[in-house]
Amino acid sequence: MIKITVNGRSVELDDSMTVEHMLDRVDVPPNYLAVEVNAEVVPREDYTTQPIQDGDQVELVTLVGGG
Amino acid sequence: MGTGRYDTMTQMRDSLDASGSDCVTVAVRRERLYDRSGQNILDFLDLDRCTLLPNTAGCFTATDAIRAARLGREILKTLGNPGADWVKLEVLGDSKTLLPDPVQTVEACQELAADGFKVLCYTSDCPVTAKRLKEVGAASVMPAGSPIGSGQGLLNKNNLRIILEYLKDGDPDYPVIVDAGVGTASDVSEAFELGADGVLLNTAIAHARDPVRMARAMKYATLAGRDAYLAGRIPKKLYGTASSPSEGVISTRPYGGSENQ
């Protein structure tokens, strides 16, 4: 069991996993999304290889209306 | 045009259509977890027509603004939108006035420009800060007319004139965009009449009683102001100058006076 933080909320995962699998687990719509792990953007092409590990700080962001 | 503060996504889309704008700002925000019902703004924008300009609104440090810019770029890259390398940089210094932090803004602008971003940089109407931002690589400097969302219009037209003069000196095509503070259509015309290349506005449309009609007014204000600037206003004179010929007039002048009095 590992514990990570996603958008400020604590999330427990069974084990270390790739970004792609983490996105499945936290159940966010995959469209229009950007992922940041420990303040570094993860390019989409790295989702299948970049690992998520215990203690990681994850931000999942999208676009909203703004001025 | 900004896309925030509308009652509905449909109202936003209709206002955008009425405005004629082809560049819209969007904000980068945390995705709501565990909720698939939310609408995404991108489903309401014609991405073939609109260049998306992600902003760093709500950031108070250069570090956070740079993170937001990079996240926005990552989202837009996957959409193939021409705005992918663009960012509207906004680093605030005070949550009450929403005035920008000039030190953090210059720092973030420099780093983002070096990272390949086209930085359209929100700043105050301070000419010195505007010069610094251009020097560190801003693709466009965007001075505020007045505080964000205040609707006060252009509070210091002299500073805006100086910014336009300084930034366009020897570089007439350098874009200067008035960003923030617009209250109504005449504010937009005024900015263009000063020589601004664009105006960025949001609340003046979104919070008008009839946003779609106000969006249309903004379009005409833009066309009127820009044409008036290009056509060249006449100089102001203290005394009147008759438009009709003085010869052949059939009136007398009971209070005296000649042509020159």
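## Where the two chains meet

In this predicted model, 31 residues of chain B are in contact with 28 residues of chain A. Let's begin with that meeting place, then move to the nonpolar cores, the cysteines and two further residues.

**The interface**

- Chain B and chain A bury about 2,800 Å² between them, and 59% of that area is on carbon and sulfur atoms.
- The size of an interface is often given in this way, as the accessible area lost when the parts come together.
- There are 2 salt bridges across the interface of chain B and chain A.
- You can look for a salt bridge between the side chains of Glu59(A) and Arg30(B), where the N to O distance is 2.7 Å.
- Polar contacts join 15 residue pairs between chain B and chain A, counting pairs with both residues at pLDDT 80 or more.
- On the side of chain B that touches chain A, at least two residues come from each of S1, strand S2 (51-55) and H2 of chain B.
- H2(B) gives the most to that side of chain B, with 8 residues.

**The nonpolar cores**

- The largest nonpolar core has 66 residues, and the members that touch the most others are Leu63(A), Leu45(B), Leu89(B) and Met218(B).
- Helix H2 of chain B, residues 62-79, gives the most to this core, with 8 residues.
- Another core lies apart from it, with 19 residues, among them Ile2(A), Ile4(A), Val6(A) and Tyr47(A).
- To explore the surroundings of Leu89(B), set aside residues up to four places away in sequence: the residues it touches include Thr56(B), Ala65(B), Leu112(B) and Tyr122(B).

**The cysteines**

- How many disulfides does a search of the whole structure find over all chains? The search finds 0.
- Cys50(B) is buried, with a relative accessible area of 1%.
- Cys126(B) is in no disulfide either, and the nearest cysteine sulfur, in Cys121(B), is 12 Å away.
- Cys126(B) counts as partly exposed, at 25% relative accessibility.
- Cys23(B) sits in strand S1 of chain B, residues 23-30, and is partly exposed, with a relative accessible area of 22%.
- Beyond its neighbours within four places in sequence, Cys23(B) is in contact with Met1(B), Thr51(B), Leu53(B) and Trp86(B).
- Cys23(B) and Leu99(B) are 76 residues apart in sequence, and their C-alpha atoms are 23 Å apart in space.

- Val87(B) belongs to strand S3 of chain B, residues 86-89.
- Is Val87(B) buried or exposed? Val87(B) is buried, with a relative accessible area of 1%.
- Leaving out residues up to four places away in sequence, Val87(B) touches several residues, including Leu53(B), Ala69(B), Phe117(B) and Leu120(B).
- Val87(B) and Pro102(B) are 15 residues apart along the chain, with 17 Å between their C-alpha atoms.
- Ser189(B) is in helix H6 of chain B, residues 185-194, and is buried, with a relative accessible area of 12%.
- Not counting residues up to four places away in sequence, Ser189(B) touches Ala221(B), Ala224(B) and Gly225(B).

How values were computed
Residues are numbered from 1 along each chain as its sequence is written. Chains are lettered from A and ligands numbered from 1 in the order in which they are written. This is a predicted model: local features need pLDDT of at least 70, side-chain atom pairs count only at pLDDT 80 or more; totals for chains, interfaces and linings use all residues. Side-chain values use heavy atoms; hydrogens and water are left out. A disulfide is a pair of cysteine sulfur atoms within 2.5 Å. Buried means under 20% relative accessible area, exposed over 50%, partly exposed in between (1.4 Å probe, protein chains only). A nonpolar core is a set of buried Ala, Val, Leu, Ile, Met, Phe, Trp, Tyr and Cys residues joined through side-chain atoms within 4.5 Å. Helices (H or I, at least four residues) and strands (E, at least two) are DSSP runs, numbered from the N terminus. Contact means heavy atoms within 4.5 Å. Buried area is the accessible area (1.4 Å probe) that two parts lose on being put together, summed over both. A salt bridge is a side-chain nitrogen of Lys or Arg within 4 Å of a carboxyl oxygen of Asp or Glu. A polar contact is a pair of N or O atoms within 3.5 Å; within protein, one must be able to donate a hydrogen and the other to accept it, and residues adjacent in sequence count only if both atoms are side-chain atoms.
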